[in-house]
Amino acid sequence: APDVPPESITSEASLASLGIDSLDRIEAIMTLESDFNIQIETKDAESCATVQDLVNLVDRKVGERSNT
């Protein structure tokens, strides 16, 4: 994973600007799935361009899990 200063991680930051490549993205998604007990489809993960996109996706998936 890239060595990113915490102050540069904002909701508006693009994943690319944080140095997150496709392998980092896969690792992050796998960690989020495990930590939050959710399943994230590849197409959903690929549509995330910013930190906020990831937050919104996880929030939606946790909400879906809670409603089942």
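Predicted model: local features only at pLDDT ≥ 70, side-chain atom pairs only at ≥ 80, totals over all residues.
1. Residues are numbered from 1 along each chain as its sequence is written, and side-chain values use heavy atoms, with hydrogens and water left out.

2. What does the side chain of Lys43 meet in a salt bridge? The partner is Asp44, with an N to O distance of 3.5 Å. A salt bridge here means a side-chain nitrogen of Lys or Arg within 4 Å of a carboxyl oxygen of Asp or Glu.

3. On to helix 3, which covers residues 51-66 (helices are DSSP runs of H or I with at least four residues, strands are runs of E with at least two, and both are numbered from the N terminus). Arg60 and Glu64 sit in this helix four residues apart, about one turn. Their closest N and O atoms are 3.5 Å apart, forming a salt bridge. Arg60 is partly exposed at 40% relative accessibility, and Glu64 is partly exposed at 37%.

4. Glu64 also pairs with Lys61, where the closest N and O atoms of the salt bridge are 3.7 Å apart. Lys61 and Glu64 are three residues apart in helix 3, which means a separation of about one helical turn. Buried or exposed: which is Lys61? Lys61 is buried, with a relative accessible area of 12%.

5. A network of salt bridges links Lys43, Asp44, Arg60, Lys61 and Glu64. The salt-bridge count comes to five.

6. Finally, a nonpolar feature: Leu23, Ile26 and Met30 make a surface patch of about 310 Å². Patches are made of residues with over 30% relative accessible area and no salt bridge, joining like charges within 9 Å and nonpolar side chains (Val, Leu, Ile, Met, Phe, Trp, Tyr) within 5 Å; accessible areas come from the Shrake-Rupley method with a 1.4 Å probe, and for residues only the protein chains shown count as cover. Ile26 belongs to helix 1, residues 22-36, and is partly exposed at 48% relative accessible area.

Key: Buried < 20%, exposed > 50% of the residue type's maximum accessible area, 1.4 Å probe, protein only.
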